[in-house]
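Thanks for coming. I have one structure to go through today, so please take a look at it before I start.

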Amino acid sequence: MHGKALGKAWVEVRDRLILLAKRVAEMRAAPPNRAGEGLRAADSAIRAGDRSNAMRVAAVSPGEQGPHPHLDSPGADFSQSSDPKPQLPVRRRPGELERLNEQIGKGLTERHGIEVYGFGIPGVDTDTVREIVTALDDMLAKYPHTRILSMEISNVDGDIARAFEDRLHNVDLKATRIAFSTRYATDPTLLSKNVSEAVQKGHFFPRPKGPAYSAIVHEFGHALTYAGRSAAVDRADSHLFDHYLRTYGHENPGGDVGESYRTWRGQLSGYSFWKGDFHPTEALAEAFTDVELNGDRASEPAQVLYQLLMDTAESEWRKEGLI
Ligand SMILES: [Zn+2]
């Protein structure tokens, strides 16, 4: 198969998966959920609130207008109350939160054909799950040709999240699997603390969105690198240098241009460097995160790398006949 046929083959596979997931969701939502019957009547109002929210999450379809599931379902945790943080803890049936988290995760399959794993692991924080799902919804709305094969919560050594390059069903199409650390998914306090400290040290850019949301945006930057067959990685440093010379080369005749270039490039986050050396793979993902989260306030080298990332991904999508 040639590029164009390949690109469309992926779209067909994905759309079939979305259709299948929607049918399963409809079957799940159609009969009343009997699991809670026979439990104490005192719990019934809370149960009803949860169930209706869970069903609404399950029923969202890709073309549907309206708010994201997480935005309209703070009540998923606390009956119909308008106060998102009531004083009294809500009693829950065993496994209830795990089922809710799984349900929210399955929205990714229903809307984008993404396989999900590990969302039902006990103790996973529901707000973190919502951030993960919303970040992917937002990124795929902006970059719909990016192939995300799976999103899982699993053991990720030493990192908050990771992106892995994969190929699509034995054909030569690049795709990405993303994993979010179980350790951080079950400990939102640790997650916030570690991300805030990393921002204070200049390791990460300021991240105005939630820590899980920001982590997924970073991994999505890797997915775009893979989408462009990683051509941006080899070109990143020379591309930055060319831009610097074109823009500032005349300002410092006779001076050490290498030195002033490195100072300018040093506006990138600390995570873009490894032991003092430029690390193009992370620099590209960080640049993408900076531009996505901070817009015009992103640093100039980040904007330059973002554009390179877009150019390399779009060049592949064009070959595949997707744009
Ligand atoms: Zn990374």
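I'll begin with the sheet. Its 4 strands lie in the order β1-β2-β4-β3, making an open sheet with mixed pairing. Strands here are DSSP runs of E with at least two residues, helices are runs of H or I with at least four, and both are numbered from the N terminus. Two strands count as paired if DSSP finds at least two bridges between them. The edges are β1 (115-117) and β3, each of which pairs on one side only. On average, neighbouring strands in this sheet are turned by 15 degrees against each other, direction ignored. Helix α3 packs on the sheet and touches β1 and β2, and its direction makes about 170 degrees with that of β1. For such angles, axes are lines fitted to C-alpha atoms, for helices over the stretch in contact, and the angles run from 0 to 180 degrees between N-to-C directions. Contact means that the C-beta atoms of two residues, placed from the backbone, lie within 7 Å.

Before the details, the provenance. This is a predicted model, in which local features need pLDDT of at least 70 and side-chain atom pairs count only at pLDDT 80 or more, while totals for chains, interfaces and linings use all residues. Residues are numbered from 1 along each chain as its sequence is written. The pLDDT is the predictor's confidence in each residue, from 0 to 100. The protein has a mean pLDDT of 83, and 80% of its residues reach 70 or more. Residues 33-82 have pLDDT below 50, and this stretch has 59 contacts in the model beyond near neighbours in sequence. Where pLDDT is low, the predicted coordinates should not be read in detail.

Back to the strand pairs. Strand β2 (residues 148-154) runs parallel to β4 (residues 171-181), joined by 6 bridges. Ile153 stands opposite Phe180 in β4, and Ser154 has Ser181 as its bridge partner there. Strand β3 (residues 161-168) pairs with β4 in the antiparallel sense, over 8 bridges. In that pair, Ala161 stands opposite Phe180. β3 and β4 form a hairpin with 2 residues between them, and His169 in the turn has a positive phi of about 40 degrees.

Next, helix α4. Its 17 residues (126-142) should span 24 Å at 1.5 Å a residue, and the end C-alpha atoms are 24 Å apart, which agrees. The expected span is 1.5 Å times one less than the number of residues. Its buried residues include Val129, Ile132, Val133, Leu136 and Met139. Buried means 20 or more other C-beta atoms within 10 Å of a residue's own, exposed means 12 or fewer, and partly exposed is in between, with C-beta atoms placed from the backbone. Among the elements covering these buried residues are α3 (96-112), β2, β4 and α7 (211-227).

Last, which non-glycine residue has a positive phi of about 55 degrees? That is Arg229, in the loop between α7 and α8 (231-248). Ser230, in the loop between α7 and α8, has a positive phi of about 60 degrees and is not a glycine either. Arg229 is partly exposed, because 17 other C-beta atoms lie within 10 Å.
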